[in-house]
Amino acid sequence: MSLPPDRLAAALAMAQLTMVAPALEGSYAGGTAATLGLTLLLVAQDAATWAERQARESDGAAALLAEAGAAVPDGHDARLAALDALLAATGEPARVRRILDFYVAISEAAAVTPPPIP
């Protein structure tokens, strides 16, 4: 049996929250167990959406660079670095606004919301 990382983290989190934390409830160790379980749920949520988010970020950065007539490098990190350089170099308020709106959108997409604790 092989689970993807997001499913494995979610399974570990649920075991932590449903078996370990309740057994230690009312103690410092129980609070720590619950915190670890919740953290694992957040990691699982992030892992489940990471590849898709990264692809959207890369495509969005490429579109903004192409729109400005700038070279579009290969790779996610290179594209974001080129977009940073474009932001620093441009004096066009509308372009600055589009780039900053893009940064806000990718930041919001990366936010994880704690799920309800069982």
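Close-up 1. Ala11 counts as partly exposed because its relative accessibility is 40%. This residue belongs to helix α1 in what is a predicted model. Now for two distances, both taken C-alpha to C-alpha. Ala15 and Gly37 sit 22 residues apart in sequence, and 7.9 Å separates them in space. For Ala11 and Ser107, the gap is 96 residues in sequence and 27 Å in space.

Close-up 2. Helix α1 runs over residues 5-23, 19 residues in total. From its first C-alpha to its last, α1 reaches 26 Å, close to the 27 Å expected at 1.5 Å a residue. Look at Gln16 for the bend, which comes to about 35 degrees. Gln16 is also one of the buried residues of this helix, along with Ala9, Ala13, Leu17 and Ala21. What do the buried residues of α1 pack against? Their partner is α2, residues 28-67.

**Close-up 3. Ala44, a buried spot on α2.** Here we zoom in on Ala44, which is found in helix α2. Its relative accessible area is 8%, so Ala44 is buried; the cut-off for that is under 20%. Setting aside neighbours within four places in sequence, Ala44 is in contact with Asp6, Ala9 and Ala10. Of these, Ala9 is among the buried residues of α1. Glu25 is another matter: Ala44 and Glu25 are 19 residues apart in sequence, with 24 Å between their C-alpha atoms.

**Close-up 4. The kink in α2 and what follows the helix.** How far apart are the end C-alpha atoms of α2? They are 55 Å apart, which agrees with the 58 Å that 40 residues should span at 1.5 Å a residue. Along the way there is a kink of about 50 degrees, centred on Trp50. After α2 comes Gly69, and its phi is positive, near 80 degrees.

**Close-up 5. Where α2 meets α4.** Helix α4 covers residues 93-110, and its axis and that of α2 come within 10 Å. The two axes cross at roughly 175 degrees, so α2 and α4 count as roughly antiparallel, the cut-off being over 145. On the α2 side, the residues that meet α4 are Asp46, Arg53, Arg56, Glu57, Gly60, Ala61, Leu64 and Glu67. Across from them, α4 brings Arg95, Arg98, Ile99, Phe102, Ile106, Ala109 and Ala110.

**Close-up 6. The aromatic pair, Phe102 and Tyr103.** A pair of aromatic rings is described by the distance of the centres and the angle of the planes. The count here comes to one aromatic pair. Its rings belong to Phe102 and Tyr103, with centres 6.2 Å apart and planes at 45 degrees, so this pair is tilted. Are these two residues buried or exposed? Both Phe102 and Tyr103 are buried.

Close-up 7. Leu87 is found in helix α3, which spans residues 76-89. With 21% relative accessibility, Leu87 counts as partly exposed, because the buried class is for values under 20%. Which residues does Leu87 contact, leaving aside neighbours within four places in sequence? They are Val96, Ile99, Leu100 and Tyr103. Tyr103 is the ring partner of Phe102 from the previous view, and Ile99 is one of the α4 residues that meet α2. Gly30 lies 57 residues from Leu87 along the chain, and their C-alpha atoms are separated by 47 Å.

Key. Residues numbered from 1 in each chain as written. Predicted model: local features only at pLDDT ≥ 70, side-chain atom pairs only at ≥ 80, totals over all residues. Heavy atoms only, no water. Helix = DSSP H or I, 4+ residues; strand = E, 2+ residues; numbered from the N terminus. Expected span 1.5 Å × (residues − 1). Bend = angle between axes of the 7 residues up to and from the residue. Buried < 20%, exposed > 50% of the residue type's maximum accessible area, 1.4 Å probe, protein only. Contact = heavy atoms within 4.5 Å. Phe/Tyr/Trp six-rings, centres within 6.5 Å; stacked < 30°, edge-to-face > 60°. Axes fitted to C-alpha atoms, helices over the stretch in contact; angles between N-to-C directions. Parallel < 35°, antiparallel > 145°, perpendicular 65-115°, else oblique.
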